[in-house]
Structure formats: structure tokens, C-alpha cells
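Hi,

Here is the structure I promised to pass on. Have a look at it first, and then read my notes below.

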Amino acid sequence: MVVTAHPLASVVGADILRRGGNAIDAAVAVQFALAVVYPDAGNIGGGGFLVLRQHDGTLNTLDYREKAPSAAHRDMYLNGQGEVIENLSYKGHLAVGVPGTVDGMVQAHATYGRLPWAQLVQPAVLLADRGFPLTKKEAKKLNEQRKDFIRYNSQSPDFILKDRWRPGDTLHLKDLARTLERIRDQGRAGFYEGQTADLIVAEMKRGTGIITKEDLAAYRAVWRKPVTGQVGDYRVISMPPPSSGGIALIQLLTIAQDYPLQDWGWNTVKSAHLMIEAERRVYADRAKHFGDADFYEVPVKGLLDTTYIKSRMQGYSPKKATSSKEVSAGVPPLPEGPNTTHYAIVDPEGNAVSVTTTLNSSFGSKVFVGGAGFLLNNEMDDFSIKPGYPNSYGLVGEEANAIAPSKRMLSSMTPTILEKDGKLFMVIGAMGGSTIITTVYQIIQNVTRYGFTMQGAVSAGRFHHQWKPNWVLSEWGALGFGTGAGLWLKGHKIVPKYGGIGRAAGILVLPNGQLEGGADPRGDDAAAGF
Ligand code: DON
């Protein structure tokens with residue numbers, strides 16, 4: 001089964017499985033297909049994280065997160081007075097991190113793939129070359145972005161060929177098709193060297209970007225040991241730094257384990273209050289302690305220490321909301337020694353892949369590589385560009401996540417796999433910036449504590465707290481009037497979030513071995529399987 005943000009990408013992935021490909025083969029094909037049919041977040045100009053659990057239980061994770069260019073420096077988004085220059089880390093050429101996706105896919109395939117590389121890239125080539133029909137949501141988004149696409153590009157991208165896209169219109173992406181052919185035929189060199197690299201560097205120069213040929217040549221995705229935690233009957237397997245997601249998720253689930261959520265009921269005042277208070281404390285830790293562990297000593301072990309995690313709830317009152325001003329990061333025990341999209345895949349042998357990939361915000365920096373037809377990320381905004389200055393998701397950070405040359409920016413992406421009794425149980429993850437962690441957290445609780453189906457758990461309403469700002473974002477109806485009023489009486493400020501919190505993709509292994517997909521109704525997401 002394959003669950004992705006776009007029906008065509010799901011079909012591409014399922015087809016690879018049908019032809020004898022394994023979950024990694026399908027993941028590679030889906031990554032490239034999404035770069036065509038779901039350009040909001042699907043990408044070759046961005047990055048992501050992949051969590052793998054093979055059918056024999058062996059684990060691995062791949063970090064293909066973007067890196068700061070070598071000419072980047074701590075204060076690159078500040079003016080002479082030390083003030084942040086609005087939007088510089090968010091839109092346009094200077095917002096772009098060195099893309100990691102193509103090297104990530106090449107390495108994933110080289111280590112675990114079964115089918116030939118070219119066969120995995122080819123479906124994306126065909127979709128870009130022959131064109132594909134726009135969904136209603138995609139047509140609307142392309143129309144909304146038109147102004148920015150014109151503003152940030154000196155060479156007209158294919159996305160503005162029509163003044164107004166309608167659902168069902170065919171979008172052809174000829175330049176992207178040629179770029180994908182180079183990747184298909186030359187692998188890594190088809191992107192990081194030769195014509196594609198030349199086009200990227202030329203685009204940087206047109207717009208005062210700073211990515212060089214050397215930056216591209218030096219980019220390498222990295223295999224990392226997953227973070228894992230036993231929470232009740234479940235073993236949680238997720239992404240280590242430079243993501244904050246895995247650790248934060250294990251902290252949230254560990255805290256909730258001490259409270260009888262089932263008895264309290266789903267999204268009642270009691271259970272929502274507990275979850276919000278836990279989120280407040282976990283996100284305070286995130287702001288202080290998390291960054292690229294290759295550059296900053298993230299106290300991973302300490303942060304995962306059960307005694308430490310539980311100690312964070314000191315000061316928690318079931319009666320009233322704690323103010324975020326009174327909550328700061330904890331001091332974990334020291335270590336010994338030194339627009340995003342998620343897809344979930346389980347192949348017929350039971351190998352499972354959980355991938356979250358992104359350009360950061362929808363359509364990234366809005367910059368297309370002229371002549372190469374793909375969008376570049378705006379991932380630099382995930383750094384803490386100034387201590388305490390909120391990024392586009394309102395997240396704050398400090399030294400741990402300050403900009404440095406070749407450093408990876410901190411992420412909230414939380415591609416996760418759950419085991420129960422040593423067997424594959426769930427593949428889950430989401431998009432949604434800072435809300436990714438709480439989205440994955442709630443979905444896991446919906447299934448493991450409240451007995452929801454996979455689809456029910458993904459569809460159910462969500463809420464979110466991230467320490468700062470001090471409010472609870474809530475989808476319409478997620479808390480209901482009674483719960484909302486009850487939380488308000490405890491001192492929580494509730495802010496409605498129209499348009500949804502996070503979009504998730506999950507697969508659940510049912511007791512009889514069948515797979516149940518959870519595709520998010522907030523998007524065009526679809527499950528495909530056989
Ligand atoms: O890595 C991160 O945490 C963000 N760049 C993810 C962006 C995202 O989920 C986009 N969706 N709103």
C-alpha cells in the first residue's frame with residue numbers, strides 16, 4: 001500500500017510495488033512523481049527524511065535535509081542595526097538551502113533498491129512530459145501563487161503559462177521533464193553536476209543567491225541511527241536531529257502514558273488540557289536544545305531519558321493553564337561523550353518506509369531554476385535567524401539552531417514507524433511545519449489509546465500548542481463547544497485554525513495482516529494498494 005498527497009503519485013508507487021519493486025523503490029518513484037504532480041511540496045529542489053523498517057526488523061533513517069550554503073553566516077538576514085530583514089529568509093534566492101533530495105534518492109536506491117534506477121524516475125519523466133490533469137485544489141493554489149511566481153522569477157515558469165488554471169486543465173512541465181531525464185540517465189551527476197548544476201548556479205546569480213557549484217558538488221545525504229522509545233505496548237521509531245520531531249514525539253507520548261486518557265475521553269477538557277500542557281513544555285525544550293547535531297551537541301540521550309521527560313511535568317496543574325512565561329526549557333542529563341508532504345509505504349514483504357519531504361512553505365522560495373523547471377526550497381527560514389525571533393511557524397530558537405556554513409536547519413518533520421510486539425504496526429507522518437509533531441502525536445494516540453481506525457485517526461479534528469505563542473490552535477470542531485469553553489475557563493486561549501492543521505498519511509497493519517490506509521481529507525491525498 002502507498003498513501004501520498006496526490007492520487008497520481010500513489011498510483012505510481014503502487015505500480016512499482018506490483019512490478020516487484022520494494023518499499024524503497026516505490027519511495028524513490030513517489031518522490032520524483034510528487035515533484036511533478038504536487039509541486040507545493042513534492043520536490044527535487046528541497047529535502048526530506050526517510051525512516052525505514054525492513055521486514056526483518058532492521059532499522060535505518062536517511063537525512064537528505066538541505067544545508068546552508070558555504071557562504072551563509074549567522075547574521076545574513078539582519079540589517080546593519082541587527083534587525084531582521086522581513087521575508088529574506090522566506091522568499092527569493094537567499095532563502096534557498098542546498099537541495100538534498102536527489103542525493104537522498106540515489107543513496108536510498110543504491111543501498112536498498114531492487115529495480116533499476118531509470119525505471120523509478122521514468123514515471124515522473126512521463127508525467128512532466130505528457131502533462132497531467134490539475135485537481136481543483138491544485139488549480140486554485142497555482143492561481144493564488146501567480147503573483148509571487150512572476151515576482152521572484154526573471155524567466156517565466158510553466159506554472160504561469162495560463163492566466164487562470166481550471167480543474168482538469170493539463171499542466172505540461174517540459175523543462176522539468178528534461179531535468180528528470182538527466183537525473184534518470186546520470187543519477188547524482190544529473191543534478192549536482194553538468195547542465196542542471198550550471199542552471200542552478202546561473203539562477204542564483206540572477207537573483208543574488210549564494211549557492212555555488214562547490215556547494216552542490218559537496219552535498220551528501222547521511223544515514224543516521226533512528227531515535228527509538230518504548231511507550232506502553234509500542235516501540236516508536238523516528239527521525240533524530242536535525243529533526244526535532246522524533247524526540248519531541250517520544251516525549252509527548254511518554255508523558256501521556258502516565259494519564260488515563262481513555263477514561264477521560266477523546267478531546268475532552270481533561271485530556272486536551274493535559275496534552276496542551278505537555279506540548280508547552282516539550283516545545284520549550286525544542287527551542288533551546290535542538291539543532292543540527294553535527295554542529296551543536298544536542299543532548300539526545302538526556303532528552304529521551306524517561307525520568308527527565310516525566311520531570312518536565314512538575315508544575316502541571318490539572319486545574320489551570322500554566323503561562324508559557326513560567327515555562328522554560330529543562331536541563332536534560334548530559335550525554336556521555338560528545339510545504340512538506342508525507343508518504344507511507346508498505347510493500348508485500350512487509351518492508352515499511354515513512355518519508356516526509358519538503359520545500360518548506362508551499363512552493364518554497366517561489367524561485368524556479370530557469371531552464372530546469374523546478375522550484376527551490378526556502379528552508380533557510382527553519383534556522384533561528386536571530387535568537388528569539390519567530391520563524392514563519394512562530395517557532396523560536398537559540399544558539400543550537402543558529403546559521404552556520406554547511407549546517408542543516410532544524411526540522412519538525414516526524415516520519416515515524418510503530419512496532420507492537422516486535423512487529424510492524426503503523427507507518428505515519430505529516431506536513432504542517434511546527435504542527436507536524438502534534439499532528440503525529442494525536443494520530444498515534446487516536447489509534448493506540450482511543451481505538452480509532454487509521455482513516456478515522458487521520459481525519460479527526462486536531463489542536464496544537466507550541467509554547468510560544470501562548471495559544472491553542474484548533475481546527476473547527478476539533479474540541480467542540482463544551483471542551484473549548486472548559487479549556488478557556490482553565491486559562492487557555494483558543495484560536496481557530498481554518499484550512500486545517502497538518503496533513504497526514506498513514507498505514508495501519510490490522511490484526512489479520514491486512515493494511516488500512518489513512519489518507520488526509522484536508523488535501524487530495526489518496527491510498528493505493530493491492
Ligand atoms: O522541516 C520543517 O519542519 C518544515 N520546513 C516543514 C514544512 C512544512 O511542513 C510545510 N507545511 N506547512
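Where is the place of Thr 340? Thr 340 sits in strand β9, which covers residues 340–346; strands (E, at least two residues) and helices (H or I, at least four residues) are DSSP runs, numbered from the N terminus.

Before going further, a word on what you are looking at. This is a predicted model, where local features need pLDDT of at least 70 and side-chain atom pairs count only at pLDDT 80 or more, while totals for chains, interfaces and linings use all residues. Residues are numbered from 1 along each chain as its sequence is written, and side-chain values use heavy atoms, with hydrogens and water left out.

With a relative accessible area of 5%, Thr 340 is buried (buried means under 20% relative accessible area, exposed over 50%, partly exposed in between, with a 1.4 Å probe and protein chains only). Leaving aside residues up to four places away in sequence, Thr 340 touches a list of residues including Ala 41, Thr 358, Asn 360, Met 413 and Gly 432; contact means heavy atoms within 4.5 Å.

Now the overall layout. The domain assignment of the chain gives domain 1 (2–42 + 74–222 + 365–401) and domain 2 (224–339 + 413–522), with bounds that come from an automatic or database domain assignment. Taken over C-alpha atoms, the centres of domain 1 and domain 2 are 28 Å apart. The contact takes 16 residues from domain 1 and 26 residues from domain 2.

Next, the empty space inside. Rolling a probe the size of a water molecule over the atoms shows where empty space is left. On a 1 Å grid over the protein atoms alone, a cavity is a set of points where a 1.4 Å probe fits but cannot get out, and lining residues have an atom within 4 Å of a point. The largest cavity holds about 190 Å³ of space; a volume is the space filled by probe spheres set on the points, and grid points are joined across faces, edges and corners.

Why does the largest cavity lie between domain 1 and domain 2? Because both domains give residues to its lining. That lining has 25 residues, and Arg 286, Asp 382, Leu 395, Leu 410 and Ser 412 lie nearest the cavity's centre. By class, the lining of the largest cavity has nine nonpolar, eleven polar and five charged residues (Ala, Val, Leu, Ile, Met, Phe, Trp, Tyr, Cys and Pro count as nonpolar, Asp, Glu, Lys and Arg as charged, and the others, Gly among them, as polar).

The second largest cavity has about 80 Å³ of space. It is lined by 13 residues, with Ala 35, Pro 39, Gly 373, Phe 374 and Leu 375 closest to its centre. Here the classes are nine nonpolar, four polar and no charged residues.

The UniProt record also ties in with the largest cavity. It places the feature "binding site" (unreviewed entry) at Arg 65, Thr 358, Leu 359, Asn 360, Asp 382, Ser 411, Ser 412 and Gly 433. From this set, the lining of the largest cavity takes in Arg 65, Thr 358, Asn 360, Asp 382, Ser 411, Ser 412 and Gly 433.

Two of those are worth a look on screen. Ser 411 is in the loop between β10 (352–358) and β11 (416–420), and is buried at 2% relative accessibility. Among the residues Ser 411 touches, not counting those up to four places away in sequence, are Phe 49, Arg 65, Pro 242 and Arg 286. Gly 433 lies in the loop between β12 (423–431) and α15 (435–448), and counts as buried at 10% relative accessibility. With residues up to four places away in sequence left out, Gly 433 touches Tyr 393 and Ser 412.

Most residues other than glycine have a negative phi, and most peptide bonds are trans. The peptide bond from Pro 241 to Pro 242 is cis, with omega near 15°, and Pro 242 is found in the loop between β8 (234–238) and α10 (245–257). The bond from Lys 468 to Pro 469 is also cis, with omega near -5°.

Cheers

Notes: 1 Å grid on protein atoms, 1.4 Å probe; cavity = no way out; pocket = protein on both sides within 12 Å on 5 of 7 lines; lining within 4 Å. UniProt positions renumbered as here; feature names shortened; annotations may be inferred.
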